Amino acid sequence: MRKEEKAVIIDRIAQALKEYSCFYLVETNGLDAEKTSALRRACNNADIKLMVVKNTLLHKALETIDGDFTELYGTLKGSTSVMFANVGNAPAKLIKDFVKKDDKLPALKAAYVEETVYVGADQLDTLASIKSKNELIADVVALLQSPAKNVVSALQSGATKLHGILETLSQKEG
């Protein structure tokens, strides 16, 4: 591969790293054609971009963008595929679902989610349980709505009681 071709590939990888908010480094070497195709389809359906990369080119691409990725460099051995996503837990959930059907592949090497580096396959459960931005917003909205609903409910029940008392008094006077 010529130097110009490598520069184009490095630029393409760097562009994908900037475009997506998180990425996972996974081992997919050993999947047969059918399972690889199924993984690609699953990624497509989950809005995850799957890219097979050369470790040296990914390393150079990581060096060109903002952020500290030094913890990831040690995981760049063997074959590496990168899963790019904008929902932090989506690739972890996909890997967990896929591994249930398969033996051990795809295997998580490392991940960069919410500006945090996770290294090792043992981090998969942690990554799958991370709440997405939309899930966190929904939780905050639910927490904010709960007290407001209680206040509205109390005001409505108080108004009903007050109305009943006033009606009773007006009937006694009449």
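Let me begin at T75, which sits in the loop between α4 (70-73) and β3 (80-85), where helices (H or I, at least four residues) and strands (E, at least two) are DSSP runs numbered from the N terminus. What we are looking at is a predicted model, in which local features need pLDDT of at least 70 and side-chain atom pairs count only at pLDDT 80 or more, while totals for chains, interfaces and linings use all residues. Residues are numbered from 1 along each chain as its sequence is written, and side-chain values use heavy atoms, with hydrogens and water left out.

Is T75 buried or exposed? T75 counts as buried because its relative accessibility is 13%; buried means under 20% relative accessible area, exposed over 50%, and partly exposed in between, with a 1.4 Å probe and protein chains only. A polar atom of the T75 side chain lies 2.6 Å from the backbone oxygen of L72. I would call that a polar contact, that is, a pair of N or O atoms within 3.5 Å, where within protein one must be able to donate a hydrogen and the other to accept it, and residues adjacent in sequence count only if both atoms are side-chain atoms.

Another salt bridge pairs K131 with D139, and here the closest N and O atoms are 2.6 Å apart. K131 counts as partly exposed because its relative accessibility is 41%, and D139 counts as partly exposed because its value is 31%. The side chains of E4 and R2 also meet in a salt bridge, at 3.3 Å from N to O, and R2, at 54% relative accessibility, counts as exposed.

On the surface, K3, K6, K54 and K60 gather in a patch of positive charge; patches are made of residues with over 30% relative accessible area and no salt bridge, with like charges joined within 9 Å and nonpolar side chains (Val, Leu, Ile, Met, Phe, Trp, Tyr) within 5 Å. Of these lysines, K3 lies in helix α1 (residues 3-19) and, at 72% relative accessibility, counts as exposed. I165, L166 and L169 make a nonpolar surface patch of about 290 Å², and I165 has its place in helix α7 (residues 133-173).

Finally, some backbone details. The peptide bond from L105 to P106 is cis, with omega near 0°, and P106 is in the loop between α5 (90-101) and β4. In the loop between β4 and β5 (116-119) we find E114, whose phi is near 50°, a positive value in a residue other than glycine. E115 is also found in the loop between β4 and β5, and it has a positive phi of about 60° although it is not a glycine. E114 counts as exposed at 53% relative accessibility, and E115 counts as exposed at 72%.

Key: Accessible areas come from the Shrake-Rupley method with a 1.4 Å probe; for residues, only the protein chains shown count as cover. A salt bridge is a side-chain nitrogen of Lys or Arg within 4 Å of a carboxyl oxygen of Asp or Glu. Lys and Arg count as positive and Asp and Glu as negative; His and the chain ends are not counted. The place of a charge is taken as NZ of Lys, CZ of Arg, CG of Asp or CD of Glu.
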